[in-house]
Amino acid sequence: MKTPVRSKDNFLVFGSPAIENAEIQEVVASMKSGWLGTGPKVAQFENDFKTYKGAKYAVAVNSCTAALHLSILAAGLKPGDEVITTPLTFCATVNAIIHAGATPVVVDIDPLTMNIDPKQVEANITSKTRAILPVHFAGRPCNMDALCEIVQRYKLKLIEDCAHAIETEYKGRKAGTFGDFGCFSFYVTKNIVTGEGGLVLTDREEDAARIKILGLHGMSKDAWKRFGDEGYKHYQVVECGFKYNMMDLQGAIGIHQLERVELYWQRRQEIWQRYNQAFANLPIGLPAEPEPDTRHGYHLYTVMVDEEKTGISRDGFLNGMTAENIGVGVHYLSVPEHPYYQKTFGWKPEDYPNAIGIGRQTVSLPLSAKLSDEDVEDVILAVKKILCR
């Protein structure tokens, strides 16, 4: 009997974040201060993140889903307006469009980059199209030259889903700063984390102000200060908003995570390159090299498991990795394959052949900066063991 790569008591959790003492102490300090909700540490995290990105305004919220939802509302979209996006994404991208009252339109992807295909975007623009919502998949920037040209020519809004793309750059410009809004995630599996959390970047003060208001029940600006030491502040409800605010407990984590964003990126790049070397001669598809004059965020390392080439199905590979105590992910089964969207919009998976093909073969391997060299070698050994049986 073959011995598993890892012991049964040492399962390698997919996407486990690197948490260090600085953020632990910052959270403790927040708890001792008694200020747990939205407050000064959220404000510091917003300021630090907009400085890192070179943006004018940043509004922290409780998830990237909330960031997308509020951005669509702030963009002025109305029921019946169409938003073009990708079918290879987490359901939150499409759900945010639906919750905002707009209509999602998905178009196929480029099979090499796995990002939305600008030619498909333009081919699906109608008189109802109001916005494009590209996703920088796995940390690889979309073709922003082409998308920005389309947006300008058709006078559309551009909302970037940067859930995978904190460090991503395209031709010297940071992801999230091309469009009207850039939306980020700090979920526990992301490149920097706040546990749960998200953020919107924008260069328009009025957009930032509206997102801040909508994100806290529709209460007037800086309503979170009403319990501060400057005296009670009355507030007014000026819109019907949502409970989307980030807490100081989350901001306390984020300000220290952001300090190490480059260090973590460098570690994930090392792991990425080690995987490329180790898997070069295996019968699996590897991620395409980053395009010239871009910076890949190295958020996901996705391999393609084609049963005809490997002799094992994608799901068989997933189960094999789990049996070796290695956590893996699937990013993603294409959105049109889920029953809700088929029933609601009549989407047929076969209309998106590139997305469906990738969605049925893709496996994401561990890529966290927390991984030790031993962890990385365990992943490599497990992959080779499964494919070389």
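Modeller: Ground rules: it's a predicted model, where local features need pLDDT of at least 70, side-chain atom pairs count only at pLDDT 80 or more, and totals for chains, interfaces and linings use all residues. Residues are numbered from 1 along each chain as its sequence is written, and side-chain values use heavy atoms, leaving out hydrogens and water.

Biologist: Why is Ser 334 called buried?

Modeller: Buried means under 20% relative accessible area, with a 1.4 Å probe and protein chains only. Ser 334 has 1% relative accessibility, so it counts as buried.

Biologist: What makes the link between the side chains of Ser 334 and Glu 337 a polar contact?

Modeller: The cut-off is a pair of N or O atoms within 3.5 Å, one able to donate a hydrogen and the other to accept it; residues adjacent in sequence count only if both atoms are side-chain atoms. This pair sits at 3.0 Å, so it passes that cut-off.

Biologist: Which residues does Ser 334 touch, not counting those up to four places away in sequence?

Modeller: Pro 87, Ala 355, Ile 356 and Gly 359, where contact means heavy atoms within 4.5 Å.

Biologist: How do you know that E6 and E7 pair?

Modeller: Two strands (DSSP E runs of at least two residues, numbered from the N terminus) pair if DSSP finds at least two bridges between them. Strand E6 (residues 169-170) and E7 have 2 bridges, so they pair, running antiparallel.

Methods: Buried < 20%, exposed > 50% of the residue type's maximum accessible area, 1.4 Å probe, protein only. Helix = DSSP H or I, 4+ residues; strand = E, 2+ residues; numbered from the N terminus.
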